[in-house]
Amino acid sequence: MHETKAVYTLKDLESWTSREPQLAVLGHPIKHSLSPVMHNAALQHFAAEKPELAAWHYKRFDVTPEELPQALKALQARGFVGLNLTVPHKVLACDLVAGIDRSAEGIGAVNTLVSTPEGWRGYNTDGYGLYAGIKQDLGIDLQGQSVLLLGAGGAARGAAVECLRRGVKKLVVMNRSRANLEALVATLNSFKTADCTVLGLTPEEDKTALGPESLVINATSLGLKPEDPAPVDLQALPRPKAVFDMVYNPPKTRLLADASALGLPCSNGLSMLVNQGAKALSLWTGLDSERLQPVMARALKAQLV
Ligand code: NDP
């Protein structure tokens, strides 16, 4: 009965009568989120195999940070089985959940919650999304790579931890503000193995320590606006191996245009979005994320053309 509204709020939960298993993404703002498109397409597709999924639906909720504690309690009481969290809730929710999975440990951010009898359990599927997206689009496995990671915000933190857990041999983090850069690099030591090098650089510093053949990953917000400059001058670096930009809308950022002009393999962050979503839906439904991924990718691509 609630399935036709584009965006729900905490107030809607007061009169919520459905007790069907539901899923939702919570954010503020949230109306542009594409998550419902890919999740609902997959639920519909796999209902043929798991008939109970026909009753499930994935919704958007606009929830402010102040409302988050109450919203999490109310959603679990109304039978929601899983939630995704986006800006600005990923960090805040860490203090509101009953448990944190290893995937979110050390990142300090959860993007996926699973309902358990004890309360919500927090996971982070962004790291997996990045790993799987890079493998799928660029044919590169993070293990043994040399990575130049641009940015030191929330997405960069998750990416850095994933790179270290996957066994990169070198991780160079580059960020505009030194304070944020140093704060991130300081927390990475506990994730790295003895044979891995971790360095922090500001864009003004000498880049020779990078070496050639780095995989460049953009985790800054530069590129979200079509007029944004590239976060790094690729020509000023020792020749990179490939470029992955977490931004997916617009689909071709300045950084990706520069990479193409230099003949470098490159990809935007759409596959990361799909793979983090597939991993979340897999946690909620028990279906294999690799089977969910193509169905979700197809739905998202159809929406974005
Ligand atoms: P944060 O706000 O936490 O971090 C922003 C980062 O960008 C900081 O490192 C900041 O540097 C840097 N930055 C911002 N403006 C500039 C600028 N003008 N010049 C240079 N650096 C700048 O954002 P998130 O980490 O949450 O998100 C980063 C990006 O990743 C976004 O574009 C987001 O859309 C994308 N993303 C994509 C996902 C996907 O599934 N594809 C998933 C998650 C994120 P400083 O520290 O100096 O301020």
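Of the 20 residues around the ligand, the ones that come nearest are Ala152, Ala155, Asn175, Arg176 and Asn180; a residue counts as near a molecule if one of its heavy atoms lies within 4 Å of it. This is a predicted model, in which local features need pLDDT of at least 70 and side-chain atom pairs count only at pLDDT 80 or more, while totals for chains, interfaces and linings use all residues. Residues are numbered from 1 along each chain as its sequence is written, and side-chain values use heavy atoms, with hydrogens and water left out.

Sorted by class, the shell holds 10 nonpolar, nine polar and one charged residues (Ala, Val, Leu, Ile, Met, Phe, Trp, Tyr, Cys and Pro count as nonpolar, Asp, Glu, Lys and Arg as charged, and the others, Gly among them, as polar). Helix H5 (154-165) and H8 each put at least two residues into it; helices are DSSP runs of H or I with at least four residues, strands are runs of E with at least two, and both are numbered from the N terminus.

Now to Asn268, found in the loop between strand S12 (266-267) and helix H8 (270-285). Is Asn268 buried or exposed? With a relative accessible area of 17%, Asn268 is buried, because buried means under 20% relative accessible area (1.4 Å probe, protein chains only). Its side chain reaches the backbone nitrogen of Leu270 at 3.0 Å, and a polar atom of that side chain lies 3.1 Å from the backbone oxygen of Pro251. Leaving aside residues up to four places away in sequence, Asn268 touches Asp137, Phe244, Asp245, Val247, Tyr248, Pro251 and Leu256, contact being heavy atoms within 4.5 Å.

Stepping back, the chain has nine helices and 12 strands. Its radius of gyration is 20 Å, close to the 19 Å that the globule rule gives for 305 residues, so the chain is as compact as a globular protein of that length (taken over C-alpha atoms; the rule is 2.2 Å times the number of residues to the power 0.38). Buried residues make up 53% of the 305.

Definitions and conventions
Buried < 20%, exposed > 50% of the residue type's maximum accessible area, 1.4 Å probe, protein only. Polar contact = N/O pair within 3.5 Å; in protein donor to acceptor, adjacent residues only side chain to side chain.
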